[in-house]
Amino acid sequence: ADMEGNLEEKKAEEKSTTKAIMAAGKYISSLHSECDWLMQYYDVRKEARTDEIDALEKAAGILRGADDFEFALVQVGASHIRTRKFLRRQRAA
């Protein structure tokens, strides 16, 4: 009787452990997918960050009244805006 009770306890323990392992596997899989996405769009995100830093530096120069930003008032293409929209759509998908 003791051995049967112990067997049932071990079976329940195994079932619980299996569920925990499956949950961990699912979590690792989601991390892997997220990592793949980050690696896939690294260059696009890097360019968007560079564009944004450049735009912020130009804006800071304008606010400081710097004259050496001769091109600061020229409208730059909205590629960084398109990039951010693209990344948001990809992230949502």
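**Exercise 1.** Which are the buried residues of α2?

*Solution.* The model is predicted: local features need pLDDT of at least 70, side-chain atom pairs count only at pLDDT 80 or more, and totals for chains, interfaces and linings use all residues. Residues are numbered from 1 along each chain as its sequence is written, and side-chain values use heavy atoms, without hydrogens and water.

Step 1: Buried means under 20% relative accessible area, exposed over 50%, partly exposed in between (1.4 Å probe, protein chains only). Helices are DSSP runs (H or I, at least four residues), as are strands (E, at least two), numbered from the N terminus.

Step 2: read off α2. Ala-48, Lys-58 and Gly-61 are its buried residues.

**Exercise 2.** Compare the span of helix α2 with the expected one.

*Solution.* Step 1: the expected span is 1.5 Å times one less than the number of residues. Step 2: α2 covers residues 42-64, 23 residues, with 33 Å expected. Step 3: from first C-alpha to last, α2 reaches 33 Å, close to that value. Just after α2, Gly-65 takes a positive phi of about 80°.

**Exercise 3.** Is Ile-28 buried or exposed?

*Solution.* Step 1: locate Ile-28 in helix α1 (residues 2-40). Step 2: its relative accessibility is 56%, so Ile-28 counts as exposed.

**Exercise 4.** Describe the fold and burial of the chain.

*Solution.* Step 1: count three helices and zero strands. Step 2: from the N terminus, the order is α-α-α. Step 3: of the 93 residues, 10% are buried.
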